[in-house]
Amino acid sequence: MNTLDELGIFQELEKDLHRNKLSFNQDWRFFRGDIQGSEADDFDDSAWEIVHLPHTVRVEPAHCSGGLNYLGIAWYRRHFYVDKAYKDQKIFVEFEGAKHTADVWIDGKHLSTHYGGYLPFTLDITDYVTADGETDHVIVVKLDNSDMPDVPPGKPQGELDFCYYGGLYRYVWLHTTDKLHITDAVYANQQAGGGLFITYSNVSSLKAQVNIQTHIRNEYDIPKACSVTHYIVNDNREVVSRVSPSLHNIDQQKDHTFTQSIMVLEPKLWHLDHPYLYTVYTVVYDSDVVVDSYETKIGIRHIRFDGEGFHINGTLMKLIGANRHQEYVYIGDGLSDSLHRRDAIKLREGGFTIIRTGHYPQSPAFMDACDELGLMCIVPTPGWQWFRDNDTFKERSYQDIREMIRYHRNRPSIVLWEPILNETDYSEQYTRTALEVTHAEYPGDQCYAACDNYRIAAIDYDVVYGAALRDHQGSFIREWGDHYLEQAGPRHTHLRCSRGTRDFYPGGESGMLQSSKERTDILNNILATKGLSGGALWTGIDTNRGYYDNIAACGALDLYRLPKYSYYLFQSQSEPDLQISGIRSTPMVFIANDWTQASIRDITIYCNCERIRLYLNGRLLGVKKPDASYGSMPHAPFIFEGVEWEPGKLMAEAIVDDVIVATHTVMTPGTPDYLTLSVDDCGVDLKADGSDLIMVHVYVRDANGTVVPDAYNKIAFQLTGPAEIVGDGDSRVGSNPVEAEAGAIGVLIRATKEPGLITLLAESDGLKSATVEIISQPISKPFVPGKSQVPPDRKPEYEVDQIAFFSPPSSRYWEHWTDVAVNKPATASSELPGCSASQATSNIIADRWSERWSAGNNDLPGWWKVDLEGFFELDGCKIYWESDNTEYEYQVEVSSDDIHWKAVASQRQTGQEMGMDEFHESGIRYLRIVVTDVSKGLPSFYVVKVFGKEM
């Protein structure tokens, strides 16, 4: 086989500037708030901040749940020149993501309003700029991330399980092309068209047919004789196959789609364990002159979901997944590409094989990493428990489905599209149209669409969440490992827990171990279920949320990307001989125990090897095989029961074929003695582009080097060199100094535009300090030039930062109120056996969730009633519905005599809604809940709390 160099292809492409991609990410002027006239080309922006993209609209505290994050208007302005080399070329600006609505002007002329914050949009600015290298143009972007009910997801943040962080939070690029060029798939806005669309057929280890559809537009004023050639190149730069050009005359201002096929012999198939990527080089000719070229990474593979499960390249396998929000501590959604990549690395190293990007499409950088690391993906359209049955909302949602497929359709990592709105009671028409749109955008047998199995028309979907509804239908669990009743605090489980013991969801050794044990049980059941393709943990990483004032501590990693015990549970499910470039995949062993006097004596060890030898202070305690009770897991935990405590060292040796392949040691911790710093780079360098970020973890250790699990020391940082600490100097953020949690915490570093040596110093009273060095690397990407920008004398003080945009009540403000319904007699219109009405007043929510009231049938309206056995002055009630993804429409009624009833509250909500129904009524003895509609299942709740005082 010949290489590209030997064929002279690169030399041909380098003869002229056919296509350019320039960074438009440095030196934007920024203002948080609204200033009239900011769109004008002559507006004086010299007092505005200078920022670099990606940029979050405001740096926030680590815990910013419950409405602390900024919602509102923000302005961005960028002065720029267009090089004279681009004269007579097409010029486009691409925004990868901007929240939620974006108005764009060039030199005071309004170009567009874009709705939606999770997908890219591109603008043609050719006719608005002068390519002379000296004209000072200004592009202005006005963003608004306020609640917008008709912009999906649409749900107000105060009722939302995640946060609407704002800003130009992804990258912006300036593209130049010839007037005869490959189009952008999203901008072209053609069904199953635009750009490059690459699919595969007849895939086997012997051969595979690669089908390439190329959309070319001729924006010249004369016809053009156009041809397209494709080269498929392996990772040695060798051309494994090519397709000869086919000529087509494209009329002026018209377009044409070339459809070509290439056979690849003995292809290296893409698989999660060996994610081999080829590169397709596409060359466009005007007669015999090269005018455009494009590179596309592809993975040749064949997938199938059916009644047996998930198959890749003919092999049946179970998928162990996690959900991921794109949030990062302090910066919201404004992650640099390197942070996205490090997240993908951590999740893949953590044993996960599929990620659901809940609840929206995510950054191309994260998706690139998934392609390269063998991390399969489920991509949902933006949505969460919100549906507006009007044309505006529905059409925007359908367009989101189209654009997420057009944007990501060539990725081998994507195995499932989720075109429905998460946990939402949408119409049957929406359900059917969403499916039709998906398959219209991606024809053929390699497109799979997923829907909740309880929706009308779900039987027509390729895959359902939950049990399959027909033969040959795929099934998957989209979220598991969490329970919504944990919102109000630890109840029955520790599915939500922090690394330490002082947070709202206390963890520590016992909490993290219980959480891991519960997840082990669930995971084993998922893997044991015949026909089920797998499931995705909720969640891979902790997140903030809008509607409650504590974080969702469901992650295997915390906000700082520090692991909890369950991370090692999942990591141990990878095979010890897995070899993927960029992944540290070796035999692993982890002792889930701090080995203190208060530690649990049954020692749990996570390991992906055959046997474990456990030693205490050098004495062999025994040799164990994996726990046989978890027979469906690839690698079950190892349990050493009743180990008698003595201070010292526990050491586990992992054994394969009688060879020690990994060890892990824990020692009884002493008192804090010194700090250490660890740069969490995951092998990805820090780049000096003004916006790149890197996390540095700091650990509190005793004299023996053991991390002290009960250390909560306050740690201060000092930085020298071309970088800054994110949030430094802002007491509202609280990033420096910061208090350790369970002996560890993180500090987030942002590089400047100058490369060089960065030195970080960590100090804490009474402890030896620590330093670490980081070198930020110079960047080579071309960037858009512009007029030199001088920073303002001081950072602006934003009036809007003093405004509480919304203030949901404290999550526990009513929990100290007196529940006057405890153990009072209750009746109902009907009951399921074992689910009597009285169970909803038995105050059992803190003990178990198996007891509840459930109607015995779906005859609606159905009612439940409590007799308070006295007369009360009532302030409200709180209903703990059974399901967090079922909508219940109901009315609360009160009465003094059980004859005359007064309606005091009515609404439609899911179990996720954590507010109470407030009302103020006196002389009340009876309270009744009347359920008039249920989106699925039966009317059912765990408990009703009635708040008041006896008269």
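**Ground rules.** I'm working on a predicted model, where local features need pLDDT of at least 70, side-chain atom pairs count only at pLDDT 80 or more, and totals for chains, interfaces and linings use all residues. Residues are numbered from 1 along each chain as its sequence is written, and side-chain values use heavy atoms, with hydrogens and water left out.

**Strand 6.** I took helices and strands as DSSP runs numbered from the N terminus (helices H or I, at least four residues; strands E, at least two). Buried, for me, is under 20% relative accessible area, exposed is over 50%, and partly exposed is in between, using a 1.4 Å probe on protein chains only. How many residues of strand 6 are buried? I got six of the six in residues 101-106, so strand 6 is largely enclosed by the rest of the structure.

In a regular strand the side chains alternate between the two faces of the sheet. I therefore checked each side. Thr-101, Asp-103 and Trp-105 are buried on one face, and Ala-102, Val-104 and Ile-106 are buried on the other.

Next I looked up its partners, counting two strands as paired if DSSP finds at least two bridges between them. Strand 7 (residues 109-115) runs antiparallel to strand 6, with six bridges, and His-110 is the bridge partner of Trp-105 there. The hairpin of these two strands has two residues between them, and Asp-107 takes a positive phi near 50°. Strand 9 (residues 137-144) is also antiparallel to strand 6 with six bridges, and Leu-143 partners Ala-102.

**Strand 52.** I found nine of the eleven residues in 940-950 buried, so strand 52 too is largely enclosed by the rest of the structure. Strand 48 (residues 862-881) pairs with strand 52 in the antiparallel sense over nine bridges; Lys-878 has Lys-945 as its bridge partner. Strand 47 (residues 853-854) is antiparallel to strand 52 over two bridges, with Ser-854 partnered by Ser-940.

**Asn-736.** I found Asn-736 in the loop between strand 41 (723-725) and strand 42 (738-739). Is Asn-736 buried or exposed? At 17% relative accessibility, Asn-736 counts as buried.

For polar contacts I used N or O pairs within 3.5 Å; within protein, one atom must be able to donate a hydrogen and the other to accept it, and residues adjacent in sequence count only if both atoms are side-chain atoms. A polar side-chain atom of Asn-736 lies 2.8 Å from the backbone nitrogen of Phe-717, and its side chain makes a polar contact with that of Asp-728 at 3.0 Å.

**Rings.** I paired rings of Phe, Tyr and Trp (its six-membered ring) with centres within 6.5 Å; planes under 30 degrees apart are stacked, over 60 edge-to-face, the rest tilted. My search of the whole structure gave 39 aromatic pairs. Phe-31 and Tyr-798 have centres 5.2 Å apart and planes at 70°, so the pair is edge-to-face. Phe-31 is in strand 2 (residues 28-32) and Tyr-798 in the loop between strand 45 (770-777) and strand 46 (826-828), so the pair ties together parts 767 residues apart in sequence. Phe-31 is buried at 16%, and Tyr-798 is buried at 4%. Both belong to a cluster linked by ring pairs, with Trp-28 and Trp-48 among the other members.
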